[in-house]
Amino acid sequence: MTLERIKTMNNKYPRPQLKRNVFFSLNGTWLMNKEEIIVPSCRQEKKLHYEKHFNYEKTNDRVILHFSKVDQIAKVYLNNKYLGEHVGGYLPFEFEITDSVNIGDNKLEVDVVDELDKTYPYGKQTLNPSGMWYTPVTGIWGDVWYEEVPNRYIKNIKITPDLKGVDLDIEIDDLGTIENKHLRKEIENPILWTPSNPHLYKEIIKEDKDEVEIYYGLRTITIQKIDGINRVCLNDKPIIISGLLDQGYWKDTLFIPNCEDGYEKDILNVKELGYNLLRKHIKIEAEQFYYDCDRLGMLVMQDMVENGEYHYFRDTILPTIGVNLKDKVNKLDDRMNFFIEHSKQTLDHLHNHPSIIAYTIFNEGWGQFNADKLYDICKAKDSTRLYDATSGWFRQKKNDFDSLHIYFRNKHLSPKQRPMLLSECGGYIYAINNDEVKWGYGICKSKEELTNKIVEMYKTMVIPSIKDGLCGVIFTQISDVEGEVNGLYNFDRTELKVEKEKIKEINNVITNYLEGD
């Protein structure tokens, strides 16, 4: 990441919700292990010591220090005073530093340890990248910033829309005492949020001396019986999903987009191809990604970030030959408890984004335990979204979908009671550079061959199954990632590997199927 890009970031409030007029960015040049580096950036060292000096001038009552992403275990110190620890590399955290910050010069230090401890969510990271496993990421890879607030300030707002208005649950911090308020706002002549018209409302919320700006979109996502078939409905109207798997990796910069508007470019490129959903695969992005999806009209299926061991024979070979293992009611260990809490925190963190319509809890058996119980926990936490409790296989009793991963064949699908989601498929290889390591499912030698394979799959397996209850398809994937050369774009997103108009045409058939049926 360049200093010029850092300067641009430093002028933009770091989160899309609860925006205040003034904040202070700590992005830019830091010392890391006594060498100058740029924060945010992705590192690979297992142990890191960060140091940053900044000047502070008091203009309000309280000071809150924010970290957007630090992977994996972070201990934070200000002026040699220990502020606290955060574990896990994908969610934001904060400290109040009112009693620790000095007028004038301050020294902020962060000790980071990342041993890729699989007790904690780690996603696709591995110390030995190959195939569908990628380069690990350590350190401060999200924004660092602070803001001043009055003694009584708005700490959080939970925004829950429907088709007539919005419920606002406001959390207020009054010198450490937490209060909660509920507001209901009815909208006259509401404009509903859809991918084709992603209308967002903006509001200023005031509390005593504090005020913040929020936004929201009015939409619902439900399962309803339409002509005897259970369908996924957006705003009470049935929709068909045509999506792409999105790993959230970029060439050279890894977890961070390689240009300032990287998220926006991905979303607009996908929309140009006729897709209406991105499945964010086992990674939680910076909030800018979800905001861009909100404002540009891209549906999101968000995966929980898996922890625990992935066993290739059990989790890939056995289900490929048709073996469906049942998980057991386990006595919870530290890893399982952490996954449960991390999942609940993920739901809280992302609750306000109208683009998110569904979550994946477990993917292909990876770390899977008590899947039905996890479904209940997530549904109780946020009943406004749909949940794929067991994506791919090892299904249990509870799920909002019948979820399948099919890579090696095309076949007619036979949905039963639940909407069927083809949650992964395709993955065909087309390596522009023949020297690249190849990983995927079926090799193509040209743009034309890759396009024809995709179109044939959609015509043979997807479209004929919609009439019976297939609710959507998610193709693997938006771009190549390192040695996994099965994207529609190459790794740095400079070349589209398929014929645009043919892909757009077949996607339009899929997404408009119910309107023309």
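Cavities, helix packing and backbone geometry

User: The structure holds 4 cavities of 30 Å³ or more. What makes a space in it a cavity?

Analyst: A cavity is a set of points on a 1 Å grid, laid over the protein atoms alone, where a 1.4 Å probe fits but cannot get out. Its volume is the space filled by probe spheres set on the points, which are joined across faces, edges and corners. About 70 Å³ of space lies in the largest cavity. This is a predicted model, in which local features need pLDDT of at least 70 and side-chain atom pairs count only at pLDDT 80 or more, while totals for chains, interfaces and linings use all residues. Residues are numbered from 1 along each chain as its sequence is written, and side-chain values use heavy atoms, with hydrogens and water left out.

User: Which residues line the largest cavity, and how do you know the class of each?

Analyst: The lining consists of I159, P161, Y216, G217, R219, H351, N352, H353, P354, T384 and R385, where a lining residue has an atom within 4 Å of a point. Ala, Val, Leu, Ile, Met, Phe, Trp, Tyr, Cys and Pro count as nonpolar, Asp, Glu, Lys and Arg as charged, and the others, Gly among them, as polar. On that basis the lining has 4 nonpolar, 5 polar and 2 charged residues.

User: What makes the orientation of α5 to α6 what it is called?

Analyst: Helix α5 (334–350) and helix α6 (371–381) pack at about 25 degrees, with axes 10 Å apart. That makes α5 roughly parallel to α6, because angles under 35 degrees count as roughly parallel, over 145 as roughly antiparallel, 65 to 115 as roughly perpendicular and the rest as oblique. The axes are lines fitted to C-alpha atoms, for helices over the stretch in contact, and angles run from 0 to 180 degrees between N-to-C directions. F339, I340, K344, L347 and D348 of α5 meet L374, I377, C378 and K381 of α6, contact meaning heavy atoms within 4.5 Å. This contact has 6 nonpolar, no polar and 3 charged residues.

User: How do you know the hand of the crossing of α5 and α6?

Analyst: A crossing is left-handed if the near helix is turned anticlockwise from the far one by less than a right angle, and right-handed if clockwise. The crossing of α5 and α6 is right-handed.

User: Why is α2 called oblique to α3?

Analyst: Helix α2 (262–272) and helix α3 (287–296) pack at about 40 degrees, with axes 9 Å apart. That makes α2 oblique to α3. Their crossing is right-handed. The contact is made by Y263, E264, I267, L268 and K271 of α2 and Q288, F289, D292, C293, R295 and L296 of α3. By class it has 6 nonpolar, 1 polar and 4 charged residues.

User: What is the angle between α7 and α8?

Analyst: Helix α7 (447–466) and helix α8 (500–511) pack at about 5 degrees, with axes 10 Å apart. That makes α7 roughly parallel to α8. This contact has 10 nonpolar, 3 polar and 2 charged residues.

User: Where is the cis bond to P40?

Analyst: The peptide bond from V39 to P40 is cis, with omega near 5 degrees, and P40 is in the loop between β3 (35–39) and β4 (47–56).

Definitions and conventions
Helices (H or I, at least four residues) and strands (E, at least two) are DSSP runs, numbered from the N terminus. On a 1 Å grid over the protein atoms alone, a cavity is a set of points where a 1.4 Å probe fits but cannot get out, and a pocket is an open set with protein on both sides within 12 Å along at least five of seven lines; lining residues have an atom within 4 Å of a point.
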